[in-house]
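Here's a quick briefing to read with the structure open beside you. Take it one topic at a time and find each residue as you go.

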Amino acid sequence: MKKLTTILFLLLFTSSVFAAKLYTGGEKYEQDKVVALSLTLNGKLIEWVYKENIGQCLKSKRVAAREVGGERVIFACKMVKGLLQEDKQAKYGIRLLKILE
């Protein structure tokens with residue numbers, strides 16, 4: 001019984017390790033005029049998210065502002081130059097890795 005438990009544990013562990021390394025993301029590329037929803041806290045850019053268009057960005061901005069609501073937190077929709085990566089796990093299939101300008 002102990003041997004069977006050990007074998008099952010090893011199988012589960014090795015399969016989870018391989019599954020974690022399975023997807024590494026797609027191609028990275030730079031693009032101008034990317035719509036991004038940014039979160040600024042105390043004047044410092046904290047987080048940013050890729051949005052498909054300005055309408056989706058404004059909708060997400062309204063929801064986020066209602067949920068968080070605060071004087072120091074500012075949500076903004078911006079057109080930026082960004083470093084993007086194809087990502088099949090992201091909502092729109094693209095992840096904004098970094099804002100370049």
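How exposed is K81, judged by its relative accessible area? K81 is partly exposed, at 25%, because buried means under 20% relative accessible area, exposed means over 50%, and partly exposed is in between (1.4 Å probe, protein chains only). Before going on, note that this is a predicted model, where local features need pLDDT of at least 70 and side-chain atom pairs count only at pLDDT 80 or more, while totals for chains, interfaces and linings use all residues. Residues are numbered from 1 along each chain as its sequence is written, and side-chain values use heavy atoms, with hydrogens and water left out.

**Overall layout**

- The protein chain has two helices and four strands; helices (H or I, at least four residues) and strands (E, at least two) are DSSP runs, numbered from the N terminus.
- The chain has 101 residues, and 22% of them count as buried.
- V34 and M79 are 45 residues apart along the chain, yet their C-alpha atoms are separated by 5.3 Å.

**Salt bridges**

- The count comes to two salt bridges, where a salt bridge is a side-chain nitrogen of Lys or Arg within 4 Å of a carboxyl oxygen of Asp or Glu.
- One of them joins K81 to E30, with the closest N and O atoms 3.8 Å apart.
- That pair links distant parts of the chain: K81 sits in strand β3 and E30 in strand β1 (residues 28-41), 51 residues apart.
- E30 is exposed, at 52% relative accessible area.
- R95 and D87 also meet through their side chains in a salt bridge, at 2.6 Å from N to O.
- What about cover for these two? R95 is partly exposed at 37%, whereas D87 counts as buried at 6%.

**The aromatic pair**

- A pair of aromatic rings is described by the distance of the centres and the angle of the planes.
- Searching the whole structure turns up one aromatic pair.
- Y50 and Y92 form this pair, which is edge-to-face, with 6.2 Å centre to centre and 70° between the planes.
- The rule is that rings of Phe, Tyr and Trp (its six-membered ring) pair if their centres lie within 6.5 Å; planes under 30 degrees apart count as stacked, over 60 as edge-to-face and the rest as tilted.
- This pair links distant parts of the chain too: Y50 is in strand β2 (residues 44-51) and Y92 in the loop between β3 (73-86) and β4 (94-99), 42 residues apart.
- Y50 counts as buried at 15% relative accessibility, while Y92 is partly exposed at 23%.

**The positive patch**

- K59, R62, R66 and K91 form a positive surface patch.
- Patch residues have over 30% relative accessible area and no salt bridge, and like charges are joined within 9 Å.
- R66 lies in helix α2 (residues 54-68) and is exposed, at 67%.
- K91 is found in the loop between β3 and β4 and is exposed as well, with a relative accessible area of 72%.
- K91 and K51 are 40 residues apart along the chain, and their C-alpha atoms are separated by 9.2 Å.

Conventions: Patches are made of residues with over 30% relative accessible area and no salt bridge: like charges are joined within 9 Å, nonpolar side chains (Val, Leu, Ile, Met, Phe, Trp, Tyr) within 5 Å. Accessible areas come from the Shrake-Rupley method with a 1.4 Å probe; for residues, only the protein chains shown count as cover. Lys and Arg count as positive and Asp and Glu as negative; His and the chain ends are not counted. The place of a charge is taken as NZ of Lys, CZ of Arg, CG of Asp or CD of Glu.
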